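Okay, thanks for coming, everyone.

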2 protein chains.
Amino acid sequence: MADVNRRIVLAARPEGAPRETDFRLEQGPIPRPGPGQFLIRNLYLSLDPYQRGRMNPSWRYGRGLEIGDTMIGGTVGEVIESNHPAYRKGEIVEGLLGWQEYALHDGLGERANYGLGLTRIDPARGPLSTALGVNGMPGETAYFSIIEAARPKPGDTVVVTGAAGAVGSLAGQIAKLFGARVVGLAGSDAKVDYLVNELGFDVGINYKTAPDLMQAIRAACPDRIDVYYDNVGGPIADMMFRWLNRHSRIVIVGRIAQYNDAKMRTMPDVFSQIMLARASVIGFVVYDYDHRTEEARNRMARWVKEGKIRYAETIAKGIERAPEAFLSMLTGGNTGKQLVQLYPPP
Amino acid sequence: MADVNRRIVLAARPEGAPRETDFRLEQGPIPRPGPGQFLIRNLYLSLDPYQRGRMNPSWRYGRGLEIGDTMIGGTVGEVIESNHPAYRKGEIVEGLLGWQEYALHDGLGERANYGLGLTRIDPARGPLSTALGVNGMPGETAYFSIIEAARPKPGDTVVVTGAAGAVGSLAGQIAKLFGARVVGLAGSDAKVDYLVNELGFDVGINYKTAPDLMQAIRAACPDRIDVYYDNVGGPIADMMFRWLNRHSRIVIVGRIAQYNDAKMRTMPDVFSQIMLARASVIGFVVYDYDHRTEEARNRMARWVKEGKIRYAETIAKGIERAPEAFLSMLTGGNTGKQLVQLYPPP
C-alpha cells in the first residue's frame, strides 16, 4: 500500500471543452478512519459525461465543484480498514467517492451512485468493474429508459446515437431484445463494425464520414424512426425530427455534444414536426428509478450471463491518467464504458 | 334565395402574413344537383388557423390549394334541394365545404371536418353554430388534448396560451373541471378579464403588455408549470421550458405564431431542460380521435348545458367578410370561435 492518497482536483474551470490543465494531481496522507468510519481503497473510477457539468460554477440542481475540490465520480473499492461494525475489511463497495485512491466513509446513506451513500457489490453479478457499467448506473439508465420511456415494439425502428458508448451500446441491445430494428450512430468505422458485428445492431452509421448524414439516416430507416434514443443532442439530434414516424418517441437521455456549451444552443424549432408526427419527447433521468435498482441490476446481469447482452470497457490505468481518459471519453475515444483502474482488483 | 353562389378563392400565395389581396370574391351560378346529389346552403363558415397552412404550395401531408381554388373551411349548412334518398330538404349537415355559399354533395364519406364526408347535426346539442366550435372540432381538440395528453391532476398548474381562442378557452375550462389551477395568456386586457371573470381562470396575463413576461409567468406559477398547453409556439412557448416542474407535460396543439414563417424558426435548445425536468412533450392532432367524436361532442354539449363550460363566438356576417375575419383571427382579433354567418339559420 502506497503511503499517499493521490487525487485529481479541479484546477480551473473549463471554457468550452476541458483541457488537461483544468485538472491537477494532488497528493496527501491516506486518511485514518475514526470511530465508526472505514477506509476504502478505490479499485475502479467511473468516468461519465455528467462530470463535465459539475466543473461549471453551477448546474441545474445545485452548486458545481469549487476550484480545488476533488473531481466527482463513482467508484468501486475495497474496505481495507474498518472501525464500523457493519463493514468488514475485504468487502467491496460502490459509492460516489471521487477521483481519488482512498476515501473514508461512515456507512450512512442508502444509495450508491447518486448520493453520498454506499452499496455493497454482489460479486456474483460479474467482474467488479461491471458495477460501474453494465451492472451499474449506465446499465440502469439503458434498461429503464428503454423499458419505461422508449418502449420499443417488435418491428419498430430505433435509432441510437452515442451507440458505442456505455449507455447507447446497452440501450440498442435491449431494444433488440424487444424485437426492434436498431440503427446505431458512432464516430469511427471500428465502432460501427463493433455495433453490427459484435452487438447485433441492424445498421451502423459513421456520422463523421457519412457524405450526407440525413440521407444515410433515411436509407437506414426506410419506415422512418419510431424511437430516437438521444444520447448526444446537437445538430445530429435535430435531424431525426425530420424523419419521425407517427406516434414516435424521442427519449432525451444525454446531450454530450452540448455539455461544453457556455450558452444555450439554438436549434431549428422542431415542435411543429413533433406535433404533426404526434410524437412524444420524453426527458429521462435515471435517478427517478432508484427504488428499482435491484430489478435493473439483476436483469442486466442475467442478460449478460445468458449471452444476450455484451459490453465493452475502455480502461485507463492509474489515477494520473484520469484527466486524459476523461477528455478522450468526452470526444468519443472510448468503446463501451470508460473506466480508470486505480488498483488491481483483489 | 340569391341566384348566384359567391365564394372566396385563393388569389395569391401570401409571403408571411396574408393580406386581403391574397383572396378574391368570385360569383358563379348556383350548382344544380344531379342524380344522387343534393344542394347545401352554408349557414356558417368556420375560420381556423390550419387554413393558413393550406395557402402554401405544400403542407406536411400533401399539396396546398392552387391559385383560384376555393378556400378550405368547415361549414354548417342546410340541405335545400335533394336527389339523394338519405338526405332530405331541411336537414342540417356539417362538412368541409369551403368558403362559399352553396355546395353540392353526394353523401359519401363518413367524417365531417376532417375529410370530404358530411355529418348530420343533432340540433339538440345546441345552436347550429356550435357544431363548428364548442360542439365541433375545436371542442374535440380541447377535450382530447386535455384528457388524453395533458392529463391534469388536481392542484396541477396548467398554463394555456391562446387562452381566449376557440380551443384554448375550452381547454383551460376543462382543465379546471379536473381540479387544476389554470393560468391563461391572451393579447388584450378585455380577453384577460374574460378569462378570469367569465371563464373562471385563476390568473390571466396580457402577454402584449406584461413588462417582464417571464417574471409574470413565474409569479403566476409559484409552484412552476405542470402542464403547458401550447397553442401558439414562438418565443412565448420557449419561455415555458425555463419554468417546468418535474414530470411536467407540454402539449403541442397549435403554433399559430409560426404559421406565416417561410423558413423554420430557430429557438433555444430546450431539450436539456426537458431532460432535467423529466418532462414530456406530446404532439397532438385531433384527427387521431375521429373514432371518438361522439364521446367528445356529447360530453362538451352536456358540460355547456350544465353551465360548466362557457363559450364565446365572434361572428362576421357575409361571405365577403371572410378574408377580413380570417386575418383578424390570425392576429387574435377574436374571442372564442371565429365564424362567418353566410345565411341566418332556419
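β16(A) and β16(B) pair in the antiparallel sense, over three bridges. Pairing here needs at least two DSSP bridges between two strands, and the strands (E, at least two residues) and helices (H or I, at least four) are DSSP runs numbered from the N terminus. Within that pairing, A:Val281 has B:Val281 as its bridge partner.

A word on the source: this is a predicted model, where local features need pLDDT of at least 70, side-chain atom pairs count only at pLDDT 80 or more, and totals for chains, interfaces and linings use all residues. Residues are numbered from 1 along each chain as its sequence is written, and chains are lettered from A and ligands numbered from 1 in the order in which they are written.

Now, what is the strand order of the open sheet? Reading across, you get β12(A)-β11(A)-β10(A)-β13(A)-β14(A)-β16(A)-β16(B)-β14(B)-β13(B)-β10(B)-β11(B)-β12(B), twelve strands with mixed pairing. At the edges stand β12 (203-206) of chain A and β12 (203-206) of chain B, each with a single partner strand, so one side of each has no neighbour in the sheet. From one strand to the next, the twist averages 15 degrees.

In chain A, β14 (residues 244-252) and β16 (residues 280-283) run parallel, joined by four bridges, and A:Ile252 is partnered with A:Gly283. In chain B, β14 (residues 244-252) also runs parallel to β16(B), with four bridges; there, B:Arg249 has B:Ser280 as its partner.

Helices lie across these strands. Helix α2 of chain B (residues 137-150) lies across β10 (157-160), β13 (225-230), β14 and β16 of that chain, at about 145 degrees to β14(B). In chain A, helix α3 (residues 166-177) lies across β10 (157-160), β11 (181-186) and β13 (225-230), at about 165 degrees to β11(A). Those angles run from 0 to 180 degrees between N-to-C directions, with axes fitted to C-alpha atoms, for helices over the stretch in contact.

Back to where the chains meet. The contact takes 26 residues from chain B and 26 residues from chain A, contact meaning C-beta atoms, placed from the backbone, within 7 Å. On the chain B side, α7(B) gives the most, with five residues. By class, that side has 14 nonpolar, six polar and six charged residues. For the classes, Ala, Val, Leu, Ile, Met, Phe, Trp, Tyr, Cys and Pro are nonpolar, Asp, Glu, Lys and Arg charged, and the others, Gly among them, polar. There's another antiparallel pair too: β15 (residues 266-268) of chain A joins β15(B) through three bridges, with A:Thr266 opposite B:Pro268.

Last, chain A by itself: nine helices and 18 strands, with a C-alpha trace spanning about 60 × 45 × 35 Å along its principal axes.

Methods:
Contact = placed C-beta atoms within 7 Å.
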